[in-house]
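Here is a short briefing on charged side chains and how they pair up. Have a look at the model first, then read on.

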Amino acid sequence: NLIGTIDLTEQILGAVIRGGKIVFLGSRSGALSGVVGPLYPSYSISKAALSMYTRKLAERLKSSNITVSIIDPDWVKTDMGGDDADGEPEEAAEEIYTLTTTNVPTGYFWHKGKKREW
């Protein structure tokens, strides 16, 4: 959730064009507001750290006009999420697509088209 994502991102940054977009896959479990509990601490901690990397990278790339965002697609019905999950894969894909094709401010956490609290 964290080290591989950061490593890959740092390696390809030179290929991201001015005005480009970087979108990370976050989770409500990584938010410091709202969902807090004892389940899956490693997952939650890694997603919270990815949120911080999003903010730091956004600030670093601001002068390059590269937008950096993180998105909480919800708990999605996948092999990992299972059949009890709330969201459909198509909804998550549409939300990610919309975030990559619209102009949004850099350095924010998004959920269903709205800024999400960290």
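Arg116 and Asp72 pair in a salt bridge, with their closest N and O atoms 3.0 Å apart. A salt bridge here is a side-chain nitrogen of Lys or Arg within 4 Å of a carboxyl oxygen of Asp or Glu. This is a predicted model, in which local features need pLDDT of at least 70, side-chain atom pairs count only at pLDDT 80 or more, and totals for chains, interfaces and linings use all residues. Residues are numbered from 1 along each chain as its sequence is written, and side-chain values use heavy atoms, leaving out hydrogens and water.

**Arg116 and Asp72**
- Arg116 sits in the segment after β4 (114–115) and Asp72 in the loop between β2 and α3, 44 residues apart; helices (H or I, at least four residues) and strands (E, at least two) are DSSP runs, numbered from the N terminus.
- Asp72 is buried, at 2% relative accessibility, while Arg116 is partly exposed at 22% (buried is under 20% relative accessible area, exposed over 50%, partly exposed in between, with a 1.4 Å probe and protein chains only).

**The other pairs**
- The count comes to seven salt bridges.
- One of them joins Arg60 and Glu10, at 2.8 Å from N to O.
- Arg60 belongs to helix α2 (residues 41–61) and Glu10 to helix α1 (residues 3–12), so this pair ties together parts 50 residues apart in sequence.
- Arg28 and Asp86 also form a salt bridge, at 3.6 Å from N to O.

- Salt bridges with shared partners join Arg28, Asp74, Asp86 and Lys112 into one network.
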